[in-house]
Amino acid sequence: MIYWSAMLAMILPFLSCKKEMMDYEGMEGVYFGVRSGPDWAAPASWPYRPYTNVEFVKQPQEVQEMVINIAVNITGPMKEYDRPFKVIVDTDSTTAVAGVDYLPFGDTYIIPANAITGSIPITVKRTPEMLNTNKKLGLKLLPNEHFGLAFPDWKAIPGLGATTLGNDTAFDASLHTININDLMVQPTVWRGSIQEGNREAGSWGAFTRKKLELMCSLFDLTYEDFSSDATMTPVLVNLISVEMGRYLIGQFNAGTPVLEDDGRLMFAGSVPWTSYIGVPYKP
């Protein structure tokens, strides 16, 4: 009995100390809590980001607008009632046009009762200009009677995300940039090349957006299908090569040859012509 009394006397101060340490005494504030990382990593390991990338090129052509939810977190305790926070467009970091590249949105959103996270739904729109230009929409949190600005000088947790996509080590967490574009770069898997003299070679020749979009249309594919060997298998590569060659030859024989933007005949598969970048086809 004396032993257990002595043990309790030793443990109770630590329990009391632990309880006191758990009480939050800092500022109650808001910050952008957006995280991103690779699909194969656990979301809890993703680093925080000062930006969100909206890439329409990864969506089917019929998708002309998307709603994205931008997370906003709080510091401080949860409350048993809803609390509003404020956000505005940061004009200094914005090139997107309201009503054209995104739909106008309000300036007040909610941290729900008994929660530490709220969100700002933003509707972004696909426009022809985004084929060549990245549009930026900057968001800026403002303090109000409920919240200050928690991390104007954010410091990343050492090592968090460093071995995946790298982390953004220092930024103002009261600012967030949405990058909106429809830019298309050569995907990870592209079975073609450019040889000496700008001659197209390989199964698919030189990468062009027009060629990839034709592949997607003919074979019910998306840009994302070209992102890894798991989705773009050797069997599928061979099928695309054979059928693309057959299609291009058929169009040529029908008197409606498929031309690239520089006027040359599109090259893929077993087409019988030689294609040089920048040299237009002459009937």
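**Aromatic pairs, one buried glutamate, one buried isoleucine**

At 13% relative accessibility, Trp 273 counts as buried (buried is under 20% relative accessible area, exposed over 50%, partly exposed in between, with a 1.4 Å probe and protein chains only). Keep that residue in view.

Some ground rules. This is a predicted model, where local features need pLDDT of at least 70, side-chain atom pairs count only at pLDDT 80 or more, and totals for chains, interfaces and linings use all residues. Residues are numbered from 1 along each chain as its sequence is written, and side-chain values use heavy atoms, with hydrogens and water left out.

Aromatics, then. Rings of Phe, Tyr and Trp (for Trp, the six-membered ring) pair if their centres lie within 6.5 Å; planes under 30 degrees apart are stacked, over 60 edge-to-face, the rest tilted. How many aromatic pairs does this rule give? The count is nine. Phe 252 and Trp 273 make a tilted pair, 5.3 Å centre to centre, with 35° between the planes. That pair links distant parts of the chain: Phe 252 sits in helix H3 (residues 234-253), Trp 273 in the segment after H3, 21 residues apart. Helices (H or I, at least four residues) and strands (E, at least two) are DSSP runs, numbered from the N terminus.

Phe 252 is partly exposed, at 29% relative accessible area. Phe 252 also pairs with Tyr 281: the centres are 5.9 Å apart and the planes are at 65°, so this pair is edge-to-face. Again distant parts of the chain are linked, with Tyr 281 in the segment after H3, 29 residues from Phe 252. Tyr 281 is partly exposed, also with 29%. Elsewhere, Trp 190, Trp 204, Phe 207 and Phe 226 form one aromatic cluster.

Next, Glu 260. Glu 260 lies in the segment after H3. What is the nearest side chain of opposite charge to Glu 260? Lys 211, 4.2 Å away; Glu 260 is buried yet has no salt bridge (a side-chain nitrogen of Lys or Arg within 4 Å of a carboxyl oxygen of Asp or Glu).

Last, Ile 111. Ile 111 is in strand E5 (residues 108-111). Buried or exposed? Ile 111 is buried, at 0% relative accessibility. Beyond four places in sequence, the contacts of Ile 111 (heavy atoms within 4.5 Å) include Val 72, Ile 74, Tyr 81 and Phe 147.

How values were computed: Lys, Arg positive; Asp, Glu negative; His and termini not counted.
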